[in-house]
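Colleague: I am new to this model and would like a short tour. May I ask a few questions as we go?

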Amino acid sequence: MTTGRLILLDHGVALLDVALWFGTGVAVVLRRYRLGFGLLVAAVLVTLTRVATVSVLAGRGRWFVAEKVLLGLPSLCVAGIAAVLIAGPGLWAGRRTTGERLPARCAVSLLTAAYTALAGLVVTFFAGYPLTWSTALITLSSVAACALLTARVVAREARDEGVLAGADRRSVLTRRRFVNATVGAAVVSAGGTGAGLAFGSTDSVVTGGGPAHSSGSRTALSVADLRSPGGPSPGGAVRRHVLTAKTATVRLDSGREIDAWTYDGRLPGPAITATEGDVVEVTLRNDDIGDGVTLHWHGYDVACGEDGVPDLTQLAVAPGEEFVYRFRADQVGTYWYHTHEASDPGVRKGLYGTLVVTPRKAQRADQDGGGEQLDLTLPVHTFAGAVVVGNRDGRAEHVAAPGTAVRLRLVNTDSDPHRVALTGTAFRVAAVDGRDLNRPGRIRDVGLRLPAGGRYDLVFVMPDTAVALVLDNDRGTGVSLHPDDAGREPRTEDTSDWPELDLLRYGAPSRLPFDPDAADREFTLVLDRAVAMVDGRPSYAQAVNGRGHPSIPDLLVAEGDVVRFTVVNRSLETHPWHLHGHPVLIVSRDGARPSGSPLWMDTFDVRPGEVWEVAFKADNPGIWMNHCHNLPHAEQGMMLHVSYDGVTTPFADAHAGHG
């Protein structure tokens, strides 16, 4: 069973446990003792089952069970045992009677166990990881307050029925008032202390085991001064572009019209191409995008001052303004660009385009065949439920003569993954996220999962029959390629049951440029939903380590460090994780190391319950965004910074940066 399914199972068992404990307490209040006894037995059995599921889940990693092991289960076990000892004998004896009221403590103890079970579930969903003293104190005080209130209500009902008529009412009531006041004061004190801790200050940076500051004096370096070299390499050229961001109604090739935010009134924006060693110079102008715009070069390791993050590496380009980006294209491969100001609505509405850099020398033969070549760049985007490939929804048609060497550059510009399948031919995955794989083998009849923001280069030699690229198992969406002399349709077989290619086992191993096991700094990022502050407002946030942007501490690194991340997904959603300015080497997934080609990615999909370990060399100074590339998740708080020691920003607080 996958960890994600195990998390779902544990949630289901926990919810059933809550219902059974509440049912038992209500049955006692209603004097349905036979039913109450049966529910009590069931509640105990389900609690023991919960212990088992949490034990199995603990084997997948402490991050998945910390609050359960340290708070939820211990408190539930204590409350449950107390309830069994207090109410169990009365329920057993009362199975054959109705109407006679059990002592108030029976109902109170059972409902207290129910409150405790509910509190554990609430902590998991609304506080998550890590468990803090604040969360523990607030949780325990809340359970105690509910128990006190229940005791008062039940005692009042008993008194109204005259249960205390034969006793010294004054003495009993005095004792109860004293106990309630004492316990109440303790509850208020614990809750207040927890609330105070919740609003306490936190560290602005974490060092991951490395030094807090580099030794010796060092002049601070501004990201505004971190710009790319001025001139092209020998033989290179300066390729100048002007992009104007503006609203427009765009007609797709299929005839469909879309009200969009665009670069140059086009969907996608103009394709930017360069040859290795050229200088790319892009002037961005804003016509009428009121939120402002930028250009972020997704996956391209530009200098930090060119990275296009508003209020961090630059100010957003407002209507009527412009900004010039300039960098040398030393990195070959398939990339894309998009706005990073209000990127969720901006990219979704059309502010994106492609960037392709080809080698200056003749490309090595990483695909079979020769002669003619067909190179197609295919950004995939969803507008109002319709998947658009390039600028066409439905299926795009292309002609390629048999023997043509074909390269399909797939770019996922959405916030969700796409499934890709190629029918009609064997192929190779030549590159992932712009980086070539080592000795990729020929494959066929497999599906590929393309993460949000990710890119795959598929290469093959055109056969004498039609070939189809199928998106999301929809045979009406994708790309068809036909030979010159044949109009036959691609195979129309169902691809939904094709196995998914595991890239960690694809290709051949090769030597690494650094040892990922000799890290200078190590950080753990636990991804989940939690109540947290996001941009100064309380929110049910997409959180990292229980906090939302900009309250998440920066990850401090120094130039030359080998940095290692452990990225844990406790949630039930997929989080495509994206670090700016650096490719990351995949070290392991759920403890399993790659057996194929070294896999370098800039966006990797962390599915529910998965644990990824990645590493990178800190060789590009700056302050870099590190965030979920499901852009609504980033906007809801799931982003932070990797900050190089000694680097500052003049544009805003160091925790700024818009999703």
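Modeller: One definition first: the bend at a residue is the angle between axes fitted to the seven residues ending there and the seven starting there. This is a predicted model, in which local features need pLDDT of at least 70 and side-chain atom pairs pLDDT 80 or more, while totals for chains, interfaces and linings use all residues. Residues are numbered from 1 along each chain as its sequence is written, and side-chain values use heavy atoms, without hydrogens or water.

Colleague: Where does helix 3 bend?

Modeller: Helix 3 bends by about 45 degrees at A87. A proline, P89, follows within four residues. Helices here are DSSP runs of H or I with at least four residues, strands are runs of E with at least two, and both are numbered from the N terminus.

Colleague: How many residues does helix 3 have, and how far does it reach?

Modeller: Helix 3 has 28 residues and spans 39 Å from its first C-alpha to its last. That is close to the 40 Å expected at 1.5 Å a residue (1.5 Å times one less than the number of residues).

Colleague: And helix 1?

Modeller: Helix 1 has 27 residues and reaches 39 Å between its first and last C-alpha, close to the expected 39 Å. R31 follows helix 1 and has a positive phi, near 65 degrees.

Colleague: At what angle do helix 1 and helix 2 pack?

Modeller: Helix 1 and helix 2 (residues 33-58) pack at about 155 degrees, with axes 8 Å apart. Axes are lines fitted to C-alpha atoms, for helices over the stretch in contact, and angles run from 0 to 180 degrees between N-to-C directions. Helix 1 is therefore roughly antiparallel to helix 2 (over 145 degrees; under 35 is roughly parallel, 65 to 115 roughly perpendicular and the rest oblique). The contact of helix 1 with helix 2 has 21 nonpolar, seven polar and three charged residues. Ala, Val, Leu, Ile, Met, Phe, Trp, Tyr, Cys and Pro count as nonpolar, Asp, Glu, Lys and Arg as charged, and the others, Gly among them, as polar.

Colleague: Are helix 1 and helix 3 parallel or antiparallel?

Modeller: The axes of helix 1 (residues 3-29) and helix 3 (residues 66-93) come within 12 Å and cross at roughly 30 degrees. The two helices are therefore roughly parallel to each other. In this contact (heavy atoms within 4.5 Å), helix 1 supplies D10, D17, W21, T24 and V28, and helix 3 supplies K68, L76, G80, A83 and L91. Five of these residues are nonpolar, two polar and three charged.

Colleague: How far apart are the axes of helix 3 and helix 4?

Modeller: The axes of helix 3 and helix 4 (residues 104-126) are 8 Å apart, and the packing angle is about 165 degrees. Helix 3 is therefore roughly antiparallel to helix 4. Residues of helix 3 in this contact include G72, S75, A79 and A87, while those of helix 4 include S109, A113, A117 and G120. By class, the contact of helix 3 with helix 4 has twelve nonpolar, eight polar and three charged residues.

Colleague: Changing topic, which residues does a cis peptide bond join?

Modeller: P268 lies in the loop between strand 4 (257-263) and strand 5 (272-275). Another joins H549 and P550, with omega about 5 degrees. P550 lies in the loop between strand 24 (537-544) and strand 25 (554-557).

Colleague: Is phi of A342 positive or negative?

Modeller: Phi of A342 is positive, near 45 degrees, in a residue other than glycine. A342 sits in the loop between strand 9 (333-338) and helix 7 (343-348).
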